[in-house]
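The sequence and the structure come first.

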Amino acid sequence: MNGVIFVSKTMVVMAAGLGSRYGGDKQVVGVGPSNEILLEYSVYDSIKAGFDKIIIIIKYGLESIVFPIVDKMKSVNPEIEFCIAYQDSSKPFEGVEISKNRTKPLGTVHALLSAKEMIESDFGVINADDFYGRAAFDSLSNAMDKFDKNINSTLITYSLNKTLSNNGTVTRGICRVENEMLRGIYESYKIRTGDDGVIYELLDGELSALPPETPVSMNMWGFSKDTLPHMVDYLKEFLVNLESNDNSSECILPVMVGDLMASEVFSVSAFATNENWFGITYREDLKDAADELKMRHIAGTYPKQLY
């Protein structure tokens with residue numbers, strides 16, 4: 001049969017976080033000109049970039065807000081498959097019991113694997129409360145098209161200075177990239193811009209300066225479907241080793257990727273985007289995000305109404 005073979009790609013949107021610093025369910029706060037939430041922009045850009053299946057991971061209790069939004073997106077994109085998965089940190093995972101005292105989500109690896117039965121193709125993973133920008137989705141899709149026996153994962157990186165909040169500290173995955181391959185990544189907490197204009201991280205109890213162009217992860221990943229069994233094994237080991245009274249430790253994507261890279265299970269390409277990231281970490285971020293989206297609608301990047 002002649003012609004182009006379409007390779008199906010899935011986008012997994014993680015929307016189950018508690019939004020503790022924001023003070024509520026920031027994933028469902030209307031921020032666009034027509035009260036769109038950031039998730040709607042990510043789905044819009046994913047479809048434009050060639051993703052034909054969307055899985056949205058939520059927690060129980062968000063149905064009344066999320067379901068009508070999904071129905072609206074479905075009505076405009078009947079050719080796209082939409083699915084809802086639930087992150088439930090109280091249920092056993094692959095036979096491993098979770099502490100009954102657990103109230104905090106188990107992290108982004110657990111969130112992603114909450115949808116593992118729905119993932120039937122190579123897949124991207126993003127946060128629901130981040131705005132990544134159209135070009136970043138195109139880069140992710142193109143990178144995933146290049147998966148082969150040597151490269152089974154990819155990361156879209158941002159310049160650190162394009163990912164900061166004016167309203168408080170942020171956590172970022174600091175990356176070491178060589179020849180478009182990810183060679184190292186670690187999670188850095190409480191990054192901020194000092195009064196002197198220098199960007200600092202708190203490392204081992206001391207402030208350390210970071211170059212503005214430092215490549216960072218904003219949790220925009222792509223994975224081959226073949227990586228899923230390795231993720232499952234990794235999370236099971238994490239849970240088995242978790243102390244019964246530990247109600248706060250999380251299994252997070254950057255740490256997992258770093259560990260599986262070190263054991264040569266993952267080989268991760270990395271491509272930089274020039275997009276300006278923005279999100280809603282704090283309530284004060286809402287106005288900045290709304291102003292930025294309004295400008296993008298005016299410029300024609302997005303139609304008057306997304307759906």
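Buried means under 20% relative accessible area, exposed over 50%, and partly exposed in between, with a 1.4 Å probe and protein chains only. The model is predicted, so that local features need pLDDT of at least 70 and side-chain atom pairs count only at pLDDT 80 or more, while totals for chains, interfaces and linings use all residues. Residues are numbered from 1 along each chain as its sequence is written, and side-chain values use heavy atoms, with hydrogens and water left out.

| Residue | Relative accessible area |
|---|---|
| H110 | 4% |
| C175 | 8% |
| C251 | 2% |

A disulfide is taken as a pair of cysteine sulfur atoms within 2.5 Å, and the structure holds zero of them. C175 is in no disulfide, the nearest cysteine sulfur, that of C251, being 17 Å away, which is too far for a bond.

H110 is found in helix α3 (residues 108-113), where helices are DSSP runs of H or I with at least four residues and strands are runs of E with at least two, numbered from the N terminus. Leaving out residues up to four places away in sequence, H110 touches Q87, D88, S89, F93, L235 and C251, contact meaning heavy atoms within 4.5 Å.
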